[in-house]
Amino acid sequence: MTRFLLDRVGRLGRFLWSGWVGVAGLALFAAIWQQGHEAYGDFILPSPLTTLQATAELLRADETWRLAQATSARAIQGFLLTAVLGAVLGIAVGYSAAAMRLARPLLTIVMGVPPIAWIVLAMIWFGSSAGTVLTTTVVAAFPLVFANVAEAVAMRDRALEDMAKAFGAGPFQRLRTIVIRHVTGQYFPALAVALGSTFKVAVMAELLANIDGIGVALAMSRSNLDVAQSIAWVVIIVAVIFVVEYGVVQPVRAELERWREAARPWGVRR
Amino acid sequence: MSVLSLHNISHAYFGRTVLDRVTLDVREGEIVALVGPSGCGKSTLIHIAARLIEAQRGRVASAYARHGMIFQEPRLMPWATAEDNIAYPLRLAGLGRHQRRARARHAADVVSLDRSDLGKYPVELSGGMRQRTAIARALVVEPDFVFFDEPFTALDVALKRQMQDLVIAAARQARFAGLFVTHDLAEAVRVSDRILVIDERVRGIAGERFIALPAGARDDAAVFATVQAYLKEDPLFAHIYDRDERLAS
């Protein structure tokens, strides 16, 4: 038990320590930004410090938290729906070679349609409601998750399945003990990407369909020509994505992929 | 009394007949080796016997209670520790965690797998330890029948010997019967009671030999002499080292 806890604490420590590199990257980014600010002036590109102040000001207002919560709730709804639908349909289709072949051109079509077109369609179908946001986020993120899961199931390790069969596992037991574990290797990276795109598309849909949330706040600060506040809203969105990804998605992935960590030889620089 | 019997098994891949009306019986406590060149259908035969593939014609009847199987590659689940891999058949059988752990540890002791290695993942284990894990996984169910599908082909000579000794000792202690596929005649002479030669030209069993040596008297010299005698004097073994991959494919 103590070893179990120590393992997790060690992982958290390593993650926090690797944060220094992230801070260095951000500092570099801020330096380039500052250069841009000095070259183009306050109106086009406010300085990083001004933006930070604007962000802090926004964070002090209760309204900001309400808007961020509204947007997050919609995006997370879309994300969860994507995660469940992608996994279930992906597994179902991955098992059948014929369904795989049928699904590929459909995916190409769905992925080929730009999200903005889906927003327009969804607005016609659902009006300015949460349904519009949900539809567009799912349509934008689902194909990626679905394709990854289906591909992983199709590429599953038949040798391991034969082994399971030799020890008396039925089809359902093989799915539960072999296939699903194999699929998670592709599922979580796809989820991490899907998470980012659901938030981005959710904000876009809110902005275009005028649905109360960060998207609308962004549109307002644009019409007020308040560039610092616009960027501050972007900072808040990125922060929310960061919290969800490193607070939920990555810890679950790390827990399921402990064996990959073990495969890493000692002394490899992270 | 036979614990496994195959009756009139026929099988073809894409119209090419590999096995044609093969009949074989394995008696209680008996280890039967299937030898033959690669591509002769011995792997297909054991897969049919283990019910991994369905024979196109013929009947498989088994009287054993529990069976295990060892493959050429260890086939361990990379995401599970050695202990969880060994306990996998027990998990399928629905045993509780404590019972699984106790029996997996016992099986690991039988194949002399170190306790400290049980918490490791397969990637952290050496090739020999992985195969030991796979053997332990087959033995953990306390089988009365074990399928061996060229289990030690990929191992080096010294390791191969150790593993053979392990199987011989386990078979003597647990009294299980088995079907042992190999293309190494010396291995067949060391571990089995009876050798069946599979031949592509007859699409099945060309003949059988009982090994005259008692199980306790199979030292290197005796095994070598038996193998030489088979290869030089017995027409049955004339083709077992023919390796024409074009025919085999």
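A charge sits over a ring if NZ of Lys or CZ of Arg is within 6 Å of the ring centre and within 35 degrees of the ring normal. Keep that in mind for the opening stops of this tour of a predicted model.

**Charges over rings.** Select B:R75 and B:F71. The charged end of B:R75 sits over the B:F71 ring, 4.2 Å from the ring centre. Now go to chain A and pick A:R8 with A:F4. Here A:R8 lies over the face of A:F4, 3.8 Å from the centre of the ring.

**Ring pairs.** Across all chains, the structure holds 12 aromatic pairs. Show A:F142 and A:F146. Their ring centres are 5.3 Å apart and their planes meet at 25 degrees, so this pair is stacked; the cut-off for stacking is under 30 degrees. Both residues belong to helix α6 of chain A (residues 130-154), 4 residues apart, or about one helical turn. A:F142 is buried at 18% relative accessible area. A:F146 is buried too, at 6%.

Next, select B:F148, B:F152, B:F176 and B:F180. Ring pairs join these residues into a cluster.

**The chain A and chain B contact.** Colour by chain. The contact draws 19 residues from chain A and 20 residues from chain B. Between them the two chains bury about 1900 Å², with 69% of that on carbon and sulfur atoms. Look for salt bridges across the contact: the count is 0. Polar contacts number 5 residue pairs, both residues at pLDDT 80 or more.

Finish on the chain A side. Select α7 (158-166), α8 (171-209) and α11 (258-263), the elements that each give two or more residues there. α7(A) gives the most, with 7 residues.

Note on methods: Residues numbered from 1 in each chain as written. Chains lettered and ligands numbered in written order. Predicted model: local features only at pLDDT ≥ 70, side-chain atom pairs only at ≥ 80, totals over all residues. Heavy atoms only, no water. Phe/Tyr/Trp six-rings, centres within 6.5 Å; stacked < 30°, edge-to-face > 60°. Buried < 20%, exposed > 50% of the residue type's maximum accessible area, 1.4 Å probe, protein only. Contact = heavy atoms within 4.5 Å. Buried area = accessible area lost by both parts, 1.4 Å probe. Salt bridge = Lys/Arg side-chain N within 4 Å of Asp/Glu carboxyl O. Polar contact = N/O pair within 3.5 Å; in protein donor to acceptor, adjacent residues only side chain to side chain.
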